[in-house]
Amino acid sequence: MTIRGPFEPEFRDLPVKIPIFPLSGALLLPGGTLPLNIFEPRYLSMVRDAIASPLRLIGMIQPNKEDQLNPYYTIGCAGRISSFSEQEDGRILITLSGCIRFQATNFLEAVSGYLTAEIEWNNYKSDLSIDESFIDRKKLSTTLRRYFDTKGFQVDWSQLESCSDERLVCTLSMICPFETAEKQALLEVKDLSARADLLITILEMSCHNDDHSENAKH
């Protein structure tokens, strides 16, 4: 297995509790990067506390609007603050580098008002290494071209084609405008191979639904 990089955490050093940033539609995956614009006072406090911690970790999860008793999905992904920039208007721009998924076992509120959670990491230890499992890249590329054509998106294909398998699947899963439940499903699948298969299915379904919508207009 190939370790992602020299700044990534060791499994044995992962903390039992981390700050949590619940953000609907914002998916972070191991190996991905997520830029965030932080301006709310409680989340500014969260970022400052995370920067001061040894591993600089923040847990990204999605709110679960379908379950009134459990307002958050319990599976999320921890990201390391790999860069930050303080702005003159008081905002902080950060980039999170996805490290490892987790299961939140107990949500708590910190003194500064942001959410924290007790964390179980054991099921996702392999996330700390690059996932080199097989994907059907040709099928993914064909489906993706149809999806982008249907949506009318302009894409730099040369940049996409130069990505590694993991980076390609990760980036597409994060940036495509999927539903919250679809993004959560992409997060929770076992490995890269399963994520690529699910991604293809979601893309195909979206194209199919768009085709039916167009036919209904005529």
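## Packing of helix 2 and helix 4

Helix 2 (residues 137–151) packs with helix 4 (residues 165–175) at an angle of about 30 degrees, and their axes are 12 Å apart. Helix 2 is therefore roughly parallel to helix 4, since angles under 35 degrees count as roughly parallel. The crossing of helix 2 past helix 4 is left-handed. The model is a predicted one.

On the helix 2 side, the contact is formed by Arg137, Leu140, Leu144 and Phe148, which meet Asp165, Leu168, Val169 and Leu172 of helix 4. Sorted by class, this contact of helix 2 with helix 4 holds 6 nonpolar and 2 charged residues, with no polar ones.

## Asp127

Asp127 lies in the loop between strand 6 (115–120) and helix 2. Its relative accessible area is 7%, so Asp127 is buried, the cut-off being under 20%.

The side chains of Asp127 and Arg101 are joined by a polar contact of 2.9 Å. Beyond its neighbours within four places in sequence, Asp127 is in contact with Arg4, Pro30, Cys99, Ile100 and Arg101.

## Leu55

Leu55 sits in the loop between helix 1 (41–52) and strand 3 (57–61). Leu55 counts as partly exposed because its relative accessibility is 21%.

Setting aside neighbours within four places in sequence, the residues in contact with Leu55 are Pro9, Asp13, Leu14, Pro15 and Arg80. Between Leu55 and Ser173 the separation is 118 residues in sequence and 25 Å in space, C-alpha to C-alpha.

Technical notes: Residues numbered from 1 in each chain as written. Predicted model: local features only at pLDDT ≥ 70, side-chain atom pairs only at ≥ 80, totals over all residues. Heavy atoms only, no water. Axes fitted to C-alpha atoms, helices over the stretch in contact; angles between N-to-C directions. Helix = DSSP H or I, 4+ residues; strand = E, 2+ residues; numbered from the N terminus. Parallel < 35°, antiparallel > 145°, perpendicular 65-115°, else oblique. Left-handed = near helix turned anticlockwise from the far one by under 90°. Contact = heavy atoms within 4.5 Å. Nonpolar A, V, L, I, M, F, W, Y, C, P; charged D, E, K, R; others polar. Buried < 20%, exposed > 50% of the residue type's maximum accessible area, 1.4 Å probe, protein only. Polar contact = N/O pair within 3.5 Å; in protein donor to acceptor, adjacent residues only side chain to side chain.
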